[in-house]
Amino acid sequence: DAYRQGDWREAARCYTEAIQLCGESSDMGMVCMNNRAACFAQQKLHDEVVKDATKVIEQQPANIKALLRRMVALDALGRAAEALEDAGAVLTMEPKNQHALQVVEKKKRSLTKKASDVVPRSAVLERLCVFLFTEDRPLQCYACLRALRRHMRGASLHVYVFWQAADGSRIHSYQLLQGLPETSRFERGSVNWIDTSRGQLFPAFSRTVNRLSVEGQQHVLFLSDAALLHSDVDISVALKVLDARREAFSVRLDLNPRIDDFREVPLLASAPHLQAFAGDSRMLLWTRSYDKSKQAFEAVQREAGWDAILDWTATIVRAEHVQHFFSALLPPINTCKELDDKAADWLSRRQRMKKSELSHRSACFEEPVLVAIDPQQFGSPSESDGLLRWHLFRTYGIAGEGGSSQPKRLADQVGWSLQELMNYFKQVDAQFVPPVTLDGLLEPQRYRDHYLSSVRVPAQPPTGSLPTQLSAPAPLVSWLVPVRNAEAYLMDCMASIEEQAGMAANSFEVVLVEDCSDDATLRTARALAAGRPNVRLVENVQQVGVAGCLAEGWPCCRGDFVARLDADDEADTHRLVRQLRYMERYQSISVLGSRTRPFWTELRKCTVERVTEKADGRVAAVAWREFHGNQTSRQREQLVFSQRGSKVCVVDGPAEYSGCTVVRIGDAPIAADPQGWAAALLYVQGGLGEVLLQRRDPPEPPAGSRALHPLVVRASLLFEDCVAGTTAMLRRSHFQGDESPFAREEAEGHWTWMRLGAHRHAANLADPLVRTRRHEGNRAQRDANGIYESSCAAVQEHLRAACGAQVDMNDAAAMLHHRGPRTTEQGEKILEVLQAAHESFVAEYVRPGRVAAGGHGDFRRDFVLGRELALERAFAAERKRYKSLVDEVSRVITDEKSPRHHRSRTPPR
């Protein structure tokens, strides 16, 4: 009665008497003590509230009323850290409890204010919560934590290790890792170990997820113990993407543009269209695709590869999404695989049910940052655990002689007695020779410099390096550069060749084939050849085109490899190193291309009215602009020129001239006399000659074919010239004699790749290794019709010769660039041709007989074994894509409501 009437003092006295009668440890005593705490709370006796509530919680840890009362009292007493712990416990049981959420929000504001008072806002590290899942694999867990600690930058990491072990020996290994310095604490952050054995995975996971908001975590990294970081990662960039782009659901650390092989599915799929993040070009975004025709209640095949919603190898998502989506999962969930399967199924259904809730964009780093090693490569769980014990035995000097103090120090660090530690290492053989696979696990940086098309790699790192010169003293590489009307671009092309990283000066030569230019290109080329002993110039007596230049220059190439490059393009500084390493590793590859990065340049002409030389070597000029885009009017400009290295640049003037370089002054190319530019300007002043300037825009996003795998390239050549000629590197030993492999056709590259034969293969790298210049005189635009017709002829000739198909130029035109058939009959005919071509690929390379397989030994080992089903699916997807074009034509013709419009198409001659 006193409690109901609000007489809190009398009520507290009555509850005290009841507690004395019932006893504090009884159930009734706990109820009375909890109610007495409520009476003390009304009287603002916060210390008494804390005492009573603590006694109740000791006996009943899940008593939410006692937790709430102690939380409020602690907050009133200013003991915010302890109040926050109680708030976390309350939110674990009631995630939407308003009292607990208020305490959490108050703590967040307090922490934010203190941090901003101590350090600038820009210096406060982001917080990243890491969920690391490991089952019976303490060795992989150890390697993963070591790599995470060594390479993750830009955030304070709060790691939760969800571990479970089925054997006592591995339980001891996990317990040892909890005390090791390199796996128990990070310089910035913390490591928390959570035992999830005996069916505790889902309860422990749920409790940790519910505590995310309490601890102020905004992002979560789901990490498998198979994942190993091999390069330094600025993780703040990934978190910046999620903060700035709400349409991005996740950041995949396991993906990068090189990845096209998903062996666990199996699937062979290259990256979709990638868009650079405006805030930092190191991050790329793409849109995932899924089956929109299915309803949420219908079961569909799980999205995989680049379309996977959530991959547990290494994916960052927002904490709010984790709390929302995983709250719908229901037990029993006892393993990480079960958790993965249920989460993937629920998310797949959710994205089809409520599109606004689950965004369809993801992000990844432009460069590779990690690999994943299959734990089965280290034997059984017991064998793997033995490798961990041997490594720790050697690392910490347990076998030290002469009374070493290392064992005692290690025992103190992990909280074991010395005897327990020595019993742990009792079975270790000091003379044991570990397998080489252990090197890749413990030193993942060995994978850093290798081109890897799959995130799942063998435990033994690749050993490929740069090839040695086979025909010394000849150079290793010959650059073959056809040149015509490229006076404005040839110097940039040569500079990019000479700036190749990791290559000795005498390891390559340059063969320039000049094709009767109309400008000062020949003079520039002669000046380059005269000053460089490794540059050889071939001068054609009549114009023969690009294919003719390649045929004339091929016999002059002495290198073991021939690298193509157009005179108006520029090679990336790492082009030779990356292509040569790949060619050395895969000896069956004859031609290797890459993607490109286009950029736009523009030439401007002006006349100089007056020139003034300055004391610092710069030259100021009053110039009249004669031509700028489509503008033909004259305009007076004040420009200041200065020499920077071998270039003469505009360093001051109107903004539109910023960064412009001088190509020619009068009749004198800058390349011919780089030091005489100032005198040349004085000579042409007064309008006696023109000054040719070049302006260039920043590089655009990478472009090029998505076909990377050699067999996918072979199949894609029926639809496009998927190996960019300017990026191609050819293995000279695969082309016998001095006769050029390049066909004398306008689409010389397409014809050459089509004629490689069954035992020569072409592949592509996903890296953009050439910067392709777009300008008014581009051959690809100027001769587009001729190149297209030549490509149609190449497709027709190949199908007739290789497949025995009766196709004409109209059929080839319907295939090229997936233009589609003109009639359903033509479409059905082309589908039959594709079916026959793909069946021949399967019979020759994918599932050959014993005799045929022997002829492709190295190639099958490197590119086919283990990917048979993925390759067959890739061929089927190509046919399905073309069949959709045939179905569209059929639908348009037969649909009475939408009569087919006449499509104008002039067939090739």
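Trainee: How many aromatic pairs does a search of the whole structure find?
Mentor: The search finds 26. Rings of Phe, Tyr and Trp (its six-membered ring) pair if their centres lie within 6.5 Å; planes under 30 degrees apart are stacked, over 60 edge-to-face, the rest tilted. This is a predicted model: local features need pLDDT of at least 70, side-chain atom pairs pLDDT 80 or more, while totals for chains, interfaces and linings use all residues. Numbering runs from 1 along each chain as its sequence is written, and side-chain values use heavy atoms, without hydrogens or water.

Trainee: What about Phe131 and Phe162?
Mentor: Their ring centres are 5.3 Å apart and the planes stand at 80 degrees, so the pair is edge-to-face. Phe131 is in strand S1 and Phe162 in strand S3, 31 residues apart. Strands here are DSSP runs of E, at least two residues; helices are runs of H or I, at least four; both are numbered from the N terminus.

Trainee: Are those two buried or exposed?
Mentor: Both are buried, meaning under 20% relative accessible area with a 1.4 Å probe, protein chains only; exposed is over 50%, partly exposed in between.

Trainee: And how do Phe222 and Trp312 pair?
Mentor: Tilted, with 4.8 Å between centres and 55 degrees between planes. Phe222 and Trp312 are both buried too. Ring pairs link Phe131, Phe133, Tyr160, Phe162, Phe205, Phe222 and Trp312 into a cluster.

Trainee: New topic. Which residues of helix H13 are buried?
Mentor: Ala319, His321, Val322, Phe325 and Phe326.
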